[in-house]
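Subject: Structure handover

Hello,

Here is the structure I said I would pass on. My notes on it follow below.

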Amino acid sequence: MLNIRKYNIFFLSLISLFVFLSYLNVFSGEFVFDDATAIEDNLTIKDFRYFKDLGLISYLRDAVNGARPVTNFTFAINYLIGGFNPFNYHLFNFLVHLANSFIVYIIIYKTLKLSSPHYKEDAHWISFLTTIFFSLHPIQTGAVSYISQRAEILSSFFYLLGLLAFIRGLCDTSLKGYLSYAAGIMCFLLGLGAKDIIITLPFILLIYWFYFLRDLSDRKVQIIKILLLIIPVLTMAVYRISTISDTGIGFNLEFGPYEYLLTQFRAITKYISLLFLPLNQNADYDFVISKGFFNPASTFLSFVFLLFLVAMAILLYKRWKIGSFALLWFFVILSPTSSFIPIIDVIF
């Protein structure tokens, strides 16, 4: 019988092979759509002076305001290596997606072990199959093959790695645990410079702790550690929302916050449908704006459906913690872009 380490090496090797074969065509892709502004016309990636002069305060300011300095830095590395040759940009995206797949495998495996002893024998297989579903699902192709969407997968990399580090930091009360916690903070800061979707990480950590870690010792210390993350993040979120409101960004569109929120009920339902039936995916959806709860009627139906899923997440807590947590994760991680703050792409 294979030991744990050999199991992990075997499954991670299979994942690498499957992901490589699935994305083999991507490497010959060209620059498309926003790649022109994000890469070809982006002056910061051609001159490292912007990054040399970037202090912590200016980094945080640029990151919170959506400048994405970490994503731009990776573009600058690509430009330094091969200019505007799309191959090395695609290769970097592929490697980030593969790394994300590895971290997903580890997180699922650890979570299975924490949630119930019943998963002890099958944790590797469940982790492997779930990771394969994650890494090969057609809905991922846009983020991996569309170079400009590196911000999404790069922020996801720091998100997943940060969550893993925070879990270790909460479980371990030794010096290694505190070092892991510090590494989690570093991942959060780097992820913020990739794309600000990582702002939900402390809240996911709080939910994860409540579901899987709160029975461990030193509960008060764990809560303090999580609150030390949530309080500054809430401050950043309030600042970001007030900045958007003051500048009019997102609020000078043809639709307002209320219509955007109504539209998101249908957009999120569309995302869910694509998970089960990934047909007719589009890089630029022509999505009708909801004018009211019944205009179109699918708005109300989508609202009821999503309300049902939230209720399911609550009801499943005692019977199937992992399923309940996964549902909450889905909604929390979408909250920065699929709430009441309008952005030009209501679905992407």
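Contact here means heavy atoms within 4.5 Å. Please also keep in mind that this is a predicted model.

H90 lies in helix α6, which covers residues 86-115. With a relative accessible area of 1%, H90 is buried, because buried means under 20%. The side chain of H90 comes to 3.2 Å from the backbone oxygen of G29. One of the contacts, S145, is 55 residues from H90 in sequence, yet the two C-alpha atoms are 6.7 Å apart in space.

S135 is another buried residue, at 0% relative accessibility. Helix α7 (residues 123-136) is where S135 is found. A polar atom of the S135 side chain lies 3.4 Å from the backbone oxygen of I132. Residues up to four places away in sequence not counted, S135 touches I15, V19, Y23, H97 and S101.

Next, the aromatic residues. The structure holds 36 aromatic pairs. Among them is the edge-to-face pair of F210 and Y211, with 6.1 Å from centre to centre and 70° between the planes. F210 is partly exposed at a relative accessible area of 36%, whereas Y211 counts as buried at 7%. F293 and F300 also form an edge-to-face pair, at 6.4 Å centre to centre and with 75° between the planes. Here F293 is partly exposed at 27% relative accessibility, and F300 is partly exposed at 32%. Both F210 and Y211 belong to a cluster linked by ring pairs, together with Y159, Y208, F212, Y317, F325 and W329.

What lines the second largest pocket, and which residues lie nearest its centre? The lining has 14 residues, and I268, V310, F331, S335 and S338 are the ones nearest the centre. The elements that give two or more residues to this lining are α13 (257-276), α14 (298-315) and α15 (321-334). By type, the lining of the second largest pocket divides into 10 nonpolar and 4 polar residues, with no charged ones.

Some backbone geometry is worth a look before you set anything up. N295 and P296 are joined by a cis peptide bond, with omega about 0°. P296 sits in the loop between α13 and α14. The loop between α13 and α14 also holds N280, a residue other than glycine with a positive phi, near 55°. N280 counts as exposed, because its relative accessibility is 71% and the cut-off for exposed is over 50%. F33 likewise has a positive phi without being glycine, in this case near 45°. The loop that holds F33 runs between α1 (4-22) and α2 (35-40). At a relative accessible area of 62%, F33 is exposed.

Regards

Definitions and conventions:
Residues are numbered from 1 along each chain as its sequence is written. This is a predicted model: local features need pLDDT of at least 70, side-chain atom pairs count only at pLDDT 80 or more; totals for chains, interfaces and linings use all residues. Side-chain values use heavy atoms; hydrogens and water are left out. On a 1 Å grid over the protein atoms alone, a cavity is a set of points where a 1.4 Å probe fits but cannot get out, and a pocket is an open set with protein on both sides within 12 Å along at least five of seven lines; lining residues have an atom within 4 Å of a point. Helices (H or I, at least four residues) and strands (E, at least two) are DSSP runs, numbered from the N terminus. Ala, Val, Leu, Ile, Met, Phe, Trp, Tyr, Cys and Pro count as nonpolar, Asp, Glu, Lys and Arg as charged, and the others, Gly among them, as polar. Buried means under 20% relative accessible area, exposed over 50%, partly exposed in between (1.4 Å probe, protein chains only). A polar contact is a pair of N or O atoms within 3.5 Å; within protein, one must be able to donate a hydrogen and the other to accept it, and residues adjacent in sequence count only if both atoms are side-chain atoms. Rings of Phe, Tyr and Trp (its six-membered ring) pair if their centres lie within 6.5 Å; planes under 30 degrees apart count as stacked, over 60 as edge-to-face and the rest as tilted.
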